[in-house]
Amino acid sequence: MADRRRRRSVARLALLVVGFQVVAFAAVAVAELVVPDRLIVDELRDGFDEATLTRSLVMSQRTGGLTDHYGECVLLTIGLGAPPDMNLLERAALSPNLHHCVDTMDRLEFAAAGGELRGTTKVRYWNGTSVISRPVFATVGINGLRTLSTLAFVAATVFLLATIDRVGGRLAAVGFGVPLLTADPVGLVEVFHHPLMLAAGFAGAAVIARSVASGAERERLAAVALLAGATYSFLDLMNYVAGLLAVVTVLAAVAAPAASWRDRASTSAVVGTAWAGGYLVTWIGAWVVAGLASSPSAVLDEIRDQFAFRVNGETEGITTRSGAGLEAAVEHWLDPALSRLVVVGTIVVLAAASIRVLGRAGPGLLVLALPVVAPVLFFLVTNNHTQIHFWFEYRSLAMALGSLAMLWGAAWSGRFDPPATTPPTQGVVDLTLGEITPQGR
């Protein structure tokens with residue numbers, strides 16, 4: 001009976017995540033169909049004319065950070081430049097686009113001079129941001145799209161902090177929020193796609209935590225986490241994955257109803273595994289759809305080549321030296337003086353609080369803290385990817401430090417203390433009435 005129930009649970013979860021792929025692909029196709037390309041082209045030209053879009057691929061900010069205009073132009077132009085014989089399903093699956101900002105501007109100028117607007121394709125991941133960006137960009141332009149993405153990010157961050165306060169206490173919420181100041185939130189919102197993807201990630205983490213705190217059954221928790229991971233993958237470009245995984249798993253441990261650290265670790269493992277599973281299946285789903293729409297062997301070759309390159313490939317300015325990506329991310333994270341002050345101060349406070357925290361919660365707390373090393377491991381494995389994108393991937397380190405501070409704050413506030421037991425009332429037993437009669441009455 002138990003095995004049958006388990007198989008049914010697995011089947012339902014599998015159906016859920018596969019169903020998500022169908023809905024996601026349909027949403028991309030609808031966005032391609034409903035929003036005319038000419039509206040996107042007009043807004044792109046206006047953006048370049050008004051200098052709200054520029055040829056710069058990476059722009060320096062006054063905060064000391066860098067912003068990803070390269071990725072923004074790729075995602076703004078999803079659906080453009082498709083060959084005339086490419087049908088709607090192929091467009092949705094193969095993500096034609098005008099590439100980075102320099103290529104985008106050159107191709108628009110070529111088309112304005114009477115040439116054909118032709119782009120490239122991207123078969124390695126979903127372009128789920130186009131479901132939002134195409135209608136919004138066509139309606140309110142780049143500044144409106146960036147503003148709405150910023151508002152979504154702020155709302156999701158507030159929702160997450162309120163959730164942490166609810167399940168872990170005020171100190172846990174403050175502990176998580178302070179290290180986020182080192183993630184250059186000002187530079188983050190200079191483009192539309194990074195705040196949009198993090199808004200989905202933070203909101204998903206909050207929903208999971210509230211489900212955990214409500215005492216939901218494991219199957220329901222797995223379903224919620226699967227959908228959260230799949231949604232993030234749909235909008236993501238393999239950015240901040242390890243940092244969000246740390247947030248999701250640690251927060252699940254904090255939110256779990258009063259129980260032993262083993263029970264909390266088990267809940268955390270279920271949530272983390274399901275979130276990662278939803279993310280991976282959705283990522284791989286894009287390859288499957290692309291293969292069906294074009295050539296499975298060509299897609300497989302592309303994936304294999306990119307996987308080898310992103311793990312430890314060598315190119316101009318990129319080395320295969322082990323740990324180079326992690327080193328670049330840490331150096332960029334700690335480069336601003338304010339970031340160094342916040343990071344060092346947070347670490348000192350956590351170290352000073354460790355004796356009391358571990359004394360109250362027990363050494364099992366260290367097991368619950370293990371997910372915070374996820375970004376370090378991820379950066380070591382994806383050495384090339386981290387070196388190329390260190391200037392925004394470092395934000396995962398800020399999320400991991402915030403997750404550790406959140407865990408310590410919850411423990412300091414007594415959230416992991418064993419439940420108090422009420423001593424039995426002292427008295428004598430009246431055998432006739434079967435009641436306890438307090439002494440002295």
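Contact denotes heavy atoms within 4.5 Å, and helices (H or I, at least four residues) and strands (E, at least two) are DSSP runs numbered from the N terminus. The structure is a predicted model, in which local features need pLDDT of at least 70, side-chain atom pairs count only at pLDDT 80 or more, and totals for chains, interfaces and linings use all residues. Residues are numbered from 1 along each chain as its sequence is written, and side-chain values use heavy atoms, with hydrogens and water left out.

Helix H14 (residues 324-334) contributes the buried residues Ala324, Gly325, Leu326, Ala328, Ala329, His332 and Trp333, where buried means under 20% relative accessible area, exposed over 50%, and partly exposed in between (1.4 Å probe, protein chains only). These buried residues of H14 pack against strand S2 (66-68) and against helices H15 (337-361), H17 (374-381), H18 (383-388), H19 (390-393) and H20 (395-412). Glu327 is partly exposed, with a relative accessible area of 35%, and its side chain forms a salt bridge with that of Arg321 (3.2 Å, N to O). Arg321 is likewise partly exposed, at 43%.

A salt bridge is defined as a side-chain nitrogen of Lys or Arg within 4 Å of a carboxyl oxygen of Asp or Glu; the count by this rule is 12. Among them is the pair Arg12 and Glu219, at 2.7 Å from N to O. Arg12 belongs to helix H1 and Glu219 to helix H10 (residues 218-235), so this pair ties together parts that are 207 residues apart in sequence. The relative accessible area is 44% for Arg12, which is partly exposed, and 26% for Glu219, also partly exposed. Arg55 and Glu109 form another salt bridge (3.7 Å, N to O). Here Arg55 lies in the loop between H2 and strand S1 (58-60) and Glu109 in helix H5 (residues 101-112), so parts 54 residues apart in sequence are tied together.

Surface charge was examined by patches, made of residues with over 30% relative accessible area and no salt bridge, like charges being joined within 9 Å and nonpolar side chains (Val, Leu, Ile, Met, Phe, Trp, Tyr) within 5 Å. Lys and Arg count as positive and Asp and Glu as negative, whereas His and the chain ends are not counted. A negative patch comprises Asp42, Asp46, Asp49 and Glu50. Asp49 is situated in helix H2 (residues 37-49) and is exposed, at 66% relative accessibility. A positive patch comprises Arg4, Arg5, Arg7 and Arg8, of which Arg5 is placed in helix H1 (residues 2-34).

Notes: Accessible areas come from the Shrake-Rupley method with a 1.4 Å probe; for residues, only the protein chains shown count as cover. The place of a charge is taken as NZ of Lys, CZ of Arg, CG of Asp or CD of Glu.
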